[in-house]
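User: I have a structure to go through and I'm new to it. Can we take it piece by piece?
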Amino acid sequence: MTRRRRERVRRRVAGFTLVELLIAIALFGLILTGLYSGLRMATRASDAGEAHATDNDELRAVIGFLRFELGQVYPLVFSDEHDQQVIFKGEPDRLSFVASLPQHRGVEGAYLISLVVDQDRLVLRYRLTKPDRQYLFESGDTGKEVVLVPGVENVGF
């Protein structure tokens, strides 16, 4: 081989052509785009799963609270000369009963508790009972209120 020919061969072997470099950059860009899309989809799926898990945890906590409260319902009866009134009242969208509440919600004692569907929310209303109230359900005093579940479609008692 001549000297010139060897130099040409060395030049070809020593580097890349511009076309080869452009093809490599384009392939690298496609690979990065695919990786970014996959990462973005995985992040969205993770966020959706976490939100769903949080909603389920909140509902489990509410159900646990309701089971606890309904498990301690007092068979409280008010009576006068002619009539006895049991303090437990249920309607399709409302449930009222007497039970105790956790200590962080108020003073110890028997509370009139109402579970009410109000403006697409499940609301817990409670107030301390007083011995001189014979007709607790007709009182205008609503007491305190806590939203248990927002965005309720329907509830049946």
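User: Which residues make the nonpolar surface patch?
Analyst: This is a predicted model. In it, L18, L21, L22 and I25 make a nonpolar surface patch of about 420 Å².

User: Take L22. Where is it found, and is it buried or exposed?
Analyst: L22 is found in helix α2, which covers residues 18-71. Its relative accessible area is 52%, over the 50% cut-off, so L22 is exposed.

User: How many helices and strands are there in the protein chain?
Analyst: Two helices and seven strands. Along the sequence the pattern reads α-α-β-β-β-β-β-β-β.

User: And how much of the chain is made up of buried residues?
Analyst: Of the 157 residues in the protein chain, 20% are buried.

User: Now the sheet. What is the strand order?
Analyst: The order is β3-β4-β5-β6-β7, an open sheet of five strands with antiparallel pairing. β3 (88-91) and β7 (144-150) stand at the edges; each has a single partner strand, so one side of each has no neighbour in the sheet. From one strand to the next, the twist averages 20 degrees.

User: How many bridges join β5 to β6?
Analyst: Seven, and the two strands run antiparallel. β5 spans residues 111-117. As one example, V116 has V123 in β6 as its bridge partner.

User: Switching to charges. How many salt bridges does a search of the whole structure find?
Analyst: Five. D118, R121, R125 and E145 are linked in a network of salt bridges.

User: What does R121 pair with, and how far apart are the atoms?
Analyst: R121 forms a salt bridge with D118, with the closest N and O atoms 3.4 Å apart. R121 also forms a salt bridge with E145, where the closest N and O atoms are 3.8 Å apart.

User: Why does R125 count as buried?
Analyst: Because its relative accessibility is 18%, and buried means under 20%. E145, with a relative accessible area of 42%, is partly exposed. R121 is partly exposed too, at 22%.

Definitions and conventions
Residues numbered from 1 in each chain as written. Predicted model: local features only at pLDDT ≥ 70, side-chain atom pairs only at ≥ 80, totals over all residues. Heavy atoms only, no water. Buried < 20%, exposed > 50% of the residue type's maximum accessible area, 1.4 Å probe, protein only. Patch = residues over 30% accessible without salt bridge, like charges linked within 9 Å, V, L, I, M, F, W, Y side chains within 5 Å. Areas by Shrake-Rupley, 256 points an atom, 1.4 Å probe, with all protein chains shown as cover. Salt bridge = Lys/Arg side-chain N within 4 Å of Asp/Glu carboxyl O. Helix = DSSP H or I, 4+ residues; strand = E, 2+ residues; numbered from the N terminus. Pairing = 2+ DSSP bridges. Axes fitted to C-alpha atoms, helices over the stretch in contact; angles between N-to-C directions.
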